[in-house]
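Hi,

Here's the structure I said I'd pass on to you. Have a look at it first, and then read my notes below.

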Amino acid sequence: MLGRDRVNTFKKIYKMIKKYNTIVLARHIGPDPDALGSTLGLKEIINYTFPNKSVYAVGAPASKHKYFGTLDELPSNTEDSLLIVLDTPNINRIDGINLKNFKEVIKIDHHPFVEKFGNIELVDETSSSACQLVMELVFNTKLKLNKSAAEKLYMGLIGDTNRFLYSYTTTKTFDLVSSLIKETKIDFTSLYENMYIKSLKEVRFQSYVIMNLIVTENGLGYIKLDQELLDELEVDVATATNAVNGLSYIDEIYVWVIFAYDKQNDNIRVSIRSRGPIINEVATHFNGGGHMYASGARIKDFEVADEFIKELDEVCKQYKN
Ligand code: AMP
């Protein structure tokens, strides 16, 4: 049973969607499957329910996840439009949007709360993913789900839970996914090919990371990758930091982190994962953020990386003790 506040929030979101002719959907910078699945999935749901509305899913594309489909250009005049921001806890992290250019804003997010920026906010840290929140919204309103939207939501949820592996996978997650599959009959196993196919180059890169990971006595695993190394191994920065997802469940490691130089932005992209210690406080200290066990940041250079490593190592030490 859902609480009355939750039901009211769903109702308010539905009403607001119904009210607007033009709706823009946005999400965080550097999109992952959950960010893409929730925006592109909700776009299709709104189009399917209200065929006369103009709906745009915007933001820079991510070549790694192009199987989600194409993104839209932001329309030139949005003064009378509704903006829905998904999977993003703070204004700075929204990709390519100025909130002031919209009439009203809805936020749908599952990150720890950072700041309020929506007229309506559906924020639930216990939800596995933004896609799970969209599923819940659809099943509790008159919004209608089609097969293609269901596939996108499924892939987003699978991405953020790492195939139901992480602890914020709950009975609610399984209930919603079960309803989604029953209602739309998606062939969910066929979706994994797109999500998990890798080039041999990428797999070889992952073995480089595993072979060269430095592990402290407190259980921190880390690696620093400069441009020379990325060129030599023929991987881009997104692929490099994505390797962090392949390092779970190593007995000697509680927290693991990849630092990779980002040529385009001239800074270091940081991806961190944990199987115990809480890491998002350290990430926030370095102007990043994220979840308790999956966080990220952007830092100036590898000197700052050394300070980052010290703080993460301290968190591991405290956890161990
Ligand atoms: P990633 O390692 O890029 O998959 O990100 C893991 C989590 O950390 C996601 O929830 C991101 O939204 C968050 N995150 C990644 N980079 C940043 C950043 N620069 N600032 C704030 N949060 C971030």
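Let's start with the salt bridges: the count comes to 13. Keep in mind that this is a predicted model.

One of them joins Asp95 and Arg27, whose closest N and O atoms are 3.0 Å apart. Asp95 sits in the loop between β3 (82–86) and β4 (104–109), and Arg27 in the loop between β1 (22–26) and α2, so this pair ties together parts that are 68 residues apart in sequence. Are these two residues buried or exposed? Asp95 has a relative accessible area of 14%, so it counts as buried, and Arg27 is buried too, at 0%.

Lys107 is in strand β4 and Glu121 in strand β5 (residues 120–123), so you're looking at a link between distant parts of the chain, 14 residues apart. Both Lys107 and Glu121 are buried.

Then there's Lys172, which forms a salt bridge with Glu136 at 3.1 Å between the closest N and O atoms. Here the link runs from helix α5 (residues 171–184), where Lys172 is, to helix α3 (residues 130–139), where Glu136 is, and the two are 36 residues apart. Lys172 is partly exposed, at 30% relative accessibility, whereas Glu136 is buried at 2%. This pair also belongs to a network of salt bridges that links Arg6, Asp124, Glu136 and Lys172.

Now zoom out to the domains. The protein is divided into domain 1 (4–195) and domain 2 (200–320), and their centres, taken over C-alpha atoms, are 28 Å apart. Nine residues of domain 1 are in contact with nine of domain 2. Together the two domains bury about 790 Å² between them, with 53% of that on carbon and sulfur atoms. How many salt bridges are there between domain 1 and domain 2? The count is one: Glu202 with Lys64, with the closest N and O atoms 3.5 Å apart. On the side of domain 1 that touches domain 2, you'll find three nonpolar, four polar and two charged residues.

One last stop is Ser38, in helix α2 (residues 33–49). Ser38 is buried, with a relative accessible area of 0%. Its side chain reaches the backbone oxygen of Asp34 at 2.7 Å. Leaving out residues up to four places away in sequence, Ser38 touches Pro33, Leu86, Asp87, Ala130, Cys131, Val134 and Leu153.

Note on methods
Residues numbered from 1 in each chain as written. Predicted model: local features only at pLDDT ≥ 70, side-chain atom pairs only at ≥ 80, totals over all residues. Heavy atoms only, no water. Domains from an automatic or database assignment. Contact = heavy atoms within 4.5 Å. Buried area = accessible area lost by both parts, 1.4 Å probe. Salt bridge = Lys/Arg side-chain N within 4 Å of Asp/Glu carboxyl O. Nonpolar A, V, L, I, M, F, W, Y, C, P; charged D, E, K, R; others polar. Helix = DSSP H or I, 4+ residues; strand = E, 2+ residues; numbered from the N terminus. Buried < 20%, exposed > 50% of the residue type's maximum accessible area, 1.4 Å probe, protein only. Polar contact = N/O pair within 3.5 Å; in protein donor to acceptor, adjacent residues only side chain to side chain.
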